[in-house]
Amino acid sequence: MTSGISNVTRSWDMPVSGRRCHRQENRRERNVLSETEVFRGPWLRRCGGAPRPALRLICLPYAGAGASMFGEWRLPGDLAAEIWAVQPPGREYRWSEPPIRRADLLAEQIAQAVQPLLDVPCAVFGHSMGALLAFEVCRRLRRSVGPQPVRLIVSGHRAPHLPPWRPEASTLSDEGLLARLDEMAGPSVTVLRDRALLLAMAPLIRADLEMCERYVYVDEPPLDLPLTCLAATDDPEVRLDEMVAWRHHTTRECGVRPFTGGHLFLRDRVGEVLDHVAEDLAT
(Lines give C-alpha, C1' and ligand atoms only; values in the text may rest on other atoms or scores of the structure.)
Protein backbone atom coordinates (compact mmCIF):
# COMPACT_ATOMS: atom_id res chain seq x y z
CA MET A 1 0.00 0.00 0.00
CA THR A 2 1.41 3.41 -0.92
CA SER A 3 1.48 6.48 1.28
CA GLY A 4 -1.00 8.11 -1.08
CA ILE A 5 -3.57 5.46 -0.30
CA SER A 6 -2.87 5.60 3.43
CA ASN A 7 -4.95 8.73 3.76
CA VAL A 8 -8.11 6.98 2.60
CA THR A 9 -7.69 3.56 4.22
CA ARG A 10 -9.07 4.65 7.56
CA SER A 11 -12.59 3.32 7.76
CA TRP A 12 -15.33 2.85 5.21
CA ASP A 13 -17.91 4.48 7.42
CA MET A 14 -16.61 7.97 8.13
CA PRO A 15 -13.63 10.23 7.41
CA VAL A 16 -11.40 11.23 10.30
CA SER A 17 -8.93 13.96 11.01
CA GLY A 18 -5.36 13.56 9.88
CA ARG A 19 -4.13 13.24 13.44
CA ARG A 20 -1.32 10.75 13.70
CA CYS A 21 -0.35 8.81 16.77
CA HIS A 22 2.85 10.36 18.15
CA ARG A 23 5.11 7.84 19.70
CA GLN A 24 4.56 7.44 23.41
CA GLU A 25 7.75 5.61 24.34
CA ASN A 26 7.62 6.53 28.01
CA ARG A 27 3.88 6.13 28.48
CA ARG A 28 3.82 2.69 26.92
CA GLU A 29 5.91 1.41 29.83
CA ARG A 30 3.85 3.04 32.58
CA ASN A 31 1.23 1.12 34.52
CA VAL A 32 -0.70 4.24 35.52
CA LEU A 33 -2.71 6.15 32.94
CA SER A 34 -2.19 9.87 32.60
CA GLU A 35 -5.31 12.05 32.77
CA THR A 36 -4.32 13.65 29.46
CA GLU A 37 -3.11 10.48 27.72
CA VAL A 38 -4.60 10.17 24.22
CA PHE A 39 -2.77 7.08 22.92
CA ARG A 40 -1.52 4.14 24.89
CA GLY A 41 0.83 2.29 22.60
CA PRO A 42 -0.46 1.48 19.14
CA TRP A 43 -3.53 -0.40 20.33
CA LEU A 44 -5.54 2.11 22.34
CA ARG A 45 -6.86 5.60 21.73
CA ARG A 46 -8.61 7.63 24.40
CA CYS A 47 -11.75 9.21 22.95
CA GLY A 48 -12.70 11.33 25.94
CA GLY A 49 -14.87 11.35 29.01
CA ALA A 50 -14.27 11.90 32.70
CA PRO A 51 -10.63 12.66 33.62
CA ARG A 52 -11.00 10.58 36.79
CA PRO A 53 -13.37 7.88 35.62
CA ALA A 54 -15.42 5.56 37.79
CA LEU A 55 -15.93 3.36 34.74
CA ARG A 56 -14.36 2.80 31.32
CA LEU A 57 -15.97 1.68 28.08
CA ILE A 58 -13.59 -0.12 25.72
CA CYS A 59 -14.86 -0.11 22.12
CA LEU A 60 -13.93 -2.35 19.18
CA PRO A 61 -14.73 -1.38 15.56
CA TYR A 62 -16.32 -3.36 12.76
CA ALA A 63 -14.64 -4.61 9.58
CA GLY A 64 -12.71 -1.91 7.74
CA ALA A 65 -13.22 0.66 10.50
CA GLY A 66 -10.83 2.02 13.09
CA ALA A 67 -10.72 3.68 16.47
CA SER A 68 -11.80 7.03 15.06
CA MET A 69 -15.38 5.80 14.66
CA PHE A 70 -15.69 6.21 18.42
CA GLY A 71 -13.91 9.57 18.53
CA GLU A 72 -17.05 11.58 19.30
CA TRP A 73 -18.69 9.06 21.62
CA ARG A 74 -19.70 10.35 25.05
CA LEU A 75 -21.95 8.57 27.52
CA PRO A 76 -24.91 10.72 28.63
CA GLY A 77 -26.12 11.15 32.16
CA ASP A 78 -24.20 11.25 35.42
CA LEU A 79 -21.79 8.41 34.69
CA ALA A 80 -18.19 9.39 35.31
CA ALA A 81 -17.17 7.33 32.31
CA GLU A 82 -14.17 7.35 30.00
CA ILE A 83 -14.16 5.88 26.49
CA TRP A 84 -11.22 4.10 24.90
CA ALA A 85 -11.16 2.63 21.41
CA VAL A 86 -9.10 -0.29 20.15
CA GLN A 87 -7.04 0.28 17.00
CA PRO A 88 -6.29 -3.00 15.19
CA PRO A 89 -3.38 -3.09 12.72
CA GLY A 90 -3.90 -2.08 9.11
CA ARG A 91 -5.94 1.12 9.51
CA GLU A 92 -5.58 4.82 10.32
CA TYR A 93 -2.25 5.46 12.06
CA ARG A 94 -1.44 1.72 11.80
CA TRP A 95 -2.07 1.58 8.04
CA SER A 96 1.45 0.33 7.26
CA GLU A 97 1.04 -2.79 9.41
CA PRO A 98 -0.52 -5.92 7.91
CA PRO A 99 -3.98 -6.73 9.29
CA ILE A 100 -4.28 -9.79 11.52
CA ARG A 101 -6.38 -12.47 9.85
CA ARG A 102 -7.02 -14.75 12.86
CA ALA A 103 -9.52 -13.77 15.52
CA ASP A 104 -7.78 -15.75 18.26
CA LEU A 105 -4.44 -14.00 17.66
CA LEU A 106 -6.01 -10.55 17.45
CA ALA A 107 -8.14 -11.08 20.58
CA GLU A 108 -5.09 -12.23 22.54
CA GLN A 109 -3.13 -9.09 21.66
CA ILE A 110 -6.08 -6.84 22.45
CA ALA A 111 -6.57 -8.56 25.81
CA GLN A 112 -2.96 -7.86 26.69
CA ALA A 113 -3.21 -4.23 25.55
CA VAL A 114 -6.31 -3.41 27.64
CA GLN A 115 -4.93 -4.79 30.91
CA PRO A 116 -3.79 -1.34 32.16
CA LEU A 117 -7.34 0.00 31.71
CA LEU A 118 -8.78 -2.49 34.19
CA ASP A 119 -7.70 -0.52 37.26
CA VAL A 120 -11.29 0.81 37.28
CA PRO A 121 -14.44 -1.14 36.27
CA CYS A 122 -14.57 -1.64 32.50
CA ALA A 123 -17.26 -2.63 30.04
CA VAL A 124 -16.43 -3.90 26.56
CA PHE A 125 -18.40 -2.93 23.44
CA GLY A 126 -18.10 -4.19 19.88
CA HIS A 127 -20.11 -4.00 16.68
CA SER A 128 -20.10 -6.76 14.05
CA MET A 129 -16.45 -7.89 13.84
CA GLY A 130 -15.89 -5.90 17.00
CA ALA A 131 -18.58 -7.88 18.84
CA LEU A 132 -16.90 -11.17 17.99
CA LEU A 133 -13.53 -9.82 19.15
CA ALA A 134 -15.05 -8.29 22.30
CA PHE A 135 -16.43 -11.70 23.25
CA GLU A 136 -13.08 -13.40 22.73
CA VAL A 137 -11.25 -10.64 24.61
CA CYS A 138 -13.54 -11.14 27.62
CA ARG A 139 -12.88 -14.88 27.55
CA ARG A 140 -9.15 -14.27 27.49
CA LEU A 141 -9.32 -11.75 30.31
CA ARG A 142 -11.19 -14.37 32.35
CA ARG A 143 -8.15 -16.62 32.13
CA SER A 144 -5.88 -13.93 33.58
CA VAL A 145 -5.44 -13.10 37.22
CA GLY A 146 -6.86 -9.66 37.84
CA PRO A 147 -9.95 -7.50 37.38
CA GLN A 148 -12.58 -8.61 34.89
CA PRO A 149 -14.96 -6.58 32.70
CA VAL A 150 -18.25 -5.73 34.37
CA ARG A 151 -20.39 -5.99 31.21
CA LEU A 152 -20.15 -7.12 27.59
CA ILE A 153 -22.13 -5.18 24.97
CA VAL A 154 -22.39 -6.83 21.56
CA SER A 155 -23.99 -5.34 18.47
CA GLY A 156 -24.71 -6.63 14.98
CA HIS A 157 -23.15 -10.10 15.17
CA ARG A 158 -24.77 -13.49 15.63
CA ALA A 159 -24.00 -15.50 18.76
CA PRO A 160 -20.52 -16.97 18.21
CA HIS A 161 -21.56 -20.63 18.48
CA LEU A 162 -23.98 -20.32 15.56
CA PRO A 163 -22.84 -21.28 12.04
CA PRO A 164 -22.84 -18.63 9.30
CA TRP A 165 -25.65 -18.65 6.77
CA ARG A 166 -24.73 -15.65 4.64
CA PRO A 167 -22.40 -16.25 1.64
CA GLU A 168 -18.77 -15.31 2.23
CA ALA A 169 -18.02 -11.69 1.37
CA SER A 170 -14.20 -11.76 1.49
CA THR A 171 -13.96 -13.79 -1.73
CA LEU A 172 -16.36 -11.70 -3.80
CA SER A 173 -15.21 -9.76 -6.85
CA ASP A 174 -14.74 -6.04 -6.41
CA GLU A 175 -18.19 -5.39 -7.83
CA GLY A 176 -19.70 -8.07 -5.63
CA LEU A 177 -17.97 -6.68 -2.55
CA LEU A 178 -19.19 -3.15 -3.27
CA ALA A 179 -22.72 -4.46 -3.67
CA ARG A 180 -22.48 -6.36 -0.37
CA LEU A 181 -21.16 -3.29 1.45
CA ASP A 182 -23.99 -1.21 0.02
CA GLU A 183 -26.46 -3.82 1.25
CA MET A 184 -24.89 -3.69 4.71
CA ALA A 185 -25.11 0.11 4.74
CA GLY A 186 -28.83 -0.14 4.07
CA PRO A 187 -30.67 3.14 4.67
CA SER A 188 -27.70 4.85 6.35
CA VAL A 189 -27.09 8.44 5.32
CA THR A 190 -23.63 8.64 6.93
CA VAL A 191 -21.84 5.52 5.69
CA LEU A 192 -19.19 6.14 3.05
CA ARG A 193 -20.34 5.02 -0.41
CA ASP A 194 -17.53 6.49 -2.53
CA ARG A 195 -16.54 3.79 -5.02
CA ALA A 196 -12.89 4.84 -5.36
CA LEU A 197 -12.35 5.01 -1.60
CA LEU A 198 -14.02 1.67 -1.00
CA LEU A 199 -11.90 0.01 -3.68
CA ALA A 200 -8.77 1.48 -2.10
CA MET A 201 -9.84 0.04 1.23
CA ALA A 202 -10.94 -3.30 -0.20
CA PRO A 203 -7.79 -5.24 0.89
CA LEU A 204 -8.32 -4.25 4.53
CA ILE A 205 -12.05 -4.91 4.40
CA ARG A 206 -11.45 -8.33 2.82
CA ALA A 207 -8.89 -9.21 5.49
CA ASP A 208 -11.30 -8.31 8.30
CA LEU A 209 -14.17 -10.19 6.67
CA GLU A 210 -11.94 -13.20 6.12
CA MET A 211 -11.00 -13.21 9.81
CA CYS A 212 -14.68 -13.32 10.78
CA GLU A 213 -15.52 -15.97 8.19
CA ARG A 214 -12.65 -18.22 9.33
CA TYR A 215 -13.49 -17.87 13.02
CA VAL A 216 -13.80 -21.20 14.82
CA TYR A 217 -15.82 -21.22 18.02
CA VAL A 218 -14.30 -23.19 20.91
CA ASP A 219 -16.75 -24.22 23.63
CA GLU A 220 -16.07 -22.78 27.08
CA PRO A 221 -18.23 -22.09 30.16
CA PRO A 222 -20.41 -18.99 29.78
CA LEU A 223 -19.10 -15.64 31.01
CA ASP A 224 -20.11 -14.52 34.49
CA LEU A 225 -21.08 -10.99 33.54
CA PRO A 226 -24.26 -9.28 32.29
CA LEU A 227 -24.61 -9.04 28.54
CA THR A 228 -26.36 -6.44 26.40
CA CYS A 229 -27.25 -7.16 22.76
CA LEU A 230 -28.01 -4.39 20.26
CA ALA A 231 -29.80 -5.66 17.17
CA ALA A 232 -31.37 -4.17 14.06
CA THR A 233 -34.60 -5.88 13.09
CA ASP A 234 -33.86 -5.10 9.43
CA ASP A 235 -30.22 -6.23 9.46
CA PRO A 236 -29.54 -8.26 6.26
CA GLU A 237 -26.51 -9.92 7.86
CA VAL A 238 -27.84 -11.01 11.27
CA ARG A 239 -31.27 -12.30 12.27
CA LEU A 240 -32.87 -11.22 15.53
CA ASP A 241 -33.00 -14.80 16.83
CA GLU A 242 -29.23 -15.02 16.29
CA MET A 243 -28.78 -12.03 18.59
CA VAL A 244 -31.13 -13.52 21.20
CA ALA A 245 -28.92 -16.64 21.19
CA TRP A 246 -26.16 -14.66 22.93
CA ARG A 247 -27.99 -15.59 26.17
CA HIS A 248 -26.16 -18.93 26.03
CA HIS A 249 -22.87 -17.14 26.72
CA THR A 250 -23.59 -15.61 30.11
CA THR A 251 -24.68 -16.83 33.52
CA ARG A 252 -26.18 -13.41 34.19
CA GLU A 253 -28.95 -11.40 32.56
CA CYS A 254 -28.92 -10.91 28.80
CA GLY A 255 -31.08 -8.18 27.29
CA VAL A 256 -31.74 -7.42 23.63
CA ARG A 257 -32.25 -3.81 22.50
CA PRO A 258 -33.96 -3.62 19.08
CA PHE A 259 -33.25 -0.92 16.48
CA THR A 260 -33.86 -0.30 12.80
CA GLY A 261 -31.40 0.99 10.23
CA GLY A 262 -29.64 -2.01 8.72
CA HIS A 263 -26.37 -3.65 9.65
CA LEU A 264 -24.66 -0.34 10.40
CA PHE A 265 -27.54 1.15 12.36
CA LEU A 266 -25.27 2.51 15.07
CA ARG A 267 -23.80 5.03 12.62
CA ASP A 268 -27.11 6.89 12.33
CA ARG A 269 -28.58 5.91 15.71
CA VAL A 270 -25.53 6.64 17.83
CA GLY A 271 -27.46 8.85 20.26
CA GLU A 272 -29.99 6.11 20.97
CA VAL A 273 -27.22 3.52 21.20
CA LEU A 274 -25.34 5.56 23.78
CA ASP A 275 -28.53 6.17 25.76
CA HIS A 276 -29.13 2.43 26.04
CA VAL A 277 -25.48 1.70 26.80
CA ALA A 278 -25.44 4.32 29.56
CA GLU A 279 -28.69 2.99 31.01
CA ASP A 280 -27.29 -0.54 31.24
CA LEU A 281 -23.94 0.59 32.63
CA ALA A 282 -25.65 2.69 35.29
CA THR A 283 -26.99 -0.53 36.80
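## Close-up views of cores and salt bridges

**View 1. A network of salt bridges joins Glu108, Glu136, Arg139, Arg140, Arg142, Arg143 and Glu220.** A salt bridge is counted where a side-chain nitrogen of Lys or Arg comes within 4 Å of a carboxyl oxygen of Asp or Glu, and by this rule there are 26 salt bridges. The model is a predicted one, in which local features need pLDDT of at least 70 and side-chain atom pairs count only at pLDDT 80 or more, while totals for chains, interfaces and linings use all residues. Residues are numbered from 1 along each chain as its sequence is written, and side-chain values use heavy atoms, with hydrogens and water left out.

View 2. Because Arg139 belongs to helix α4 and Glu220 to the loop between α6 and β7 (227–232), the pair ties together parts 81 residues apart in sequence; helices (H or I, at least four residues) and strands (E, at least two) are DSSP runs numbered from the N terminus. Arg139 is buried at 2% relative accessibility, whereas Glu220 is partly exposed, its relative accessible area being 21%. Here buried stands for under 20% relative accessible area, exposed for over 50%, and partly exposed for values in between (1.4 Å probe, protein chains only).

**View 3. Arg46 and Glu82 form a salt bridge whose closest N and O atoms are 2.5 Å apart.** This pair links distant parts of the chain, since Arg46 sits in strand β2 (residues 44–49) and Glu82 in strand β4 (residues 81–86), 36 residues apart. Arg46 and Glu82 are both buried.

**View 4. Glu210 and Arg101 meet through their side chains in a salt bridge of 2.8 Å, N to O.**

**View 5. The largest nonpolar core holds 53 residues.** Such a core is a set of buried Ala, Val, Leu, Ile, Met, Phe, Trp, Tyr and Cys residues joined through side-chain atoms within 4.5 Å. Helix α4 (residues 129–143) gives the most to this core, with nine residues. Leu152 is among the members that touch the most others, and, leaving aside neighbours within four places in sequence, its contacts (heavy atoms within 4.5 Å) include Val124, Phe135, Cys138 and Leu225.
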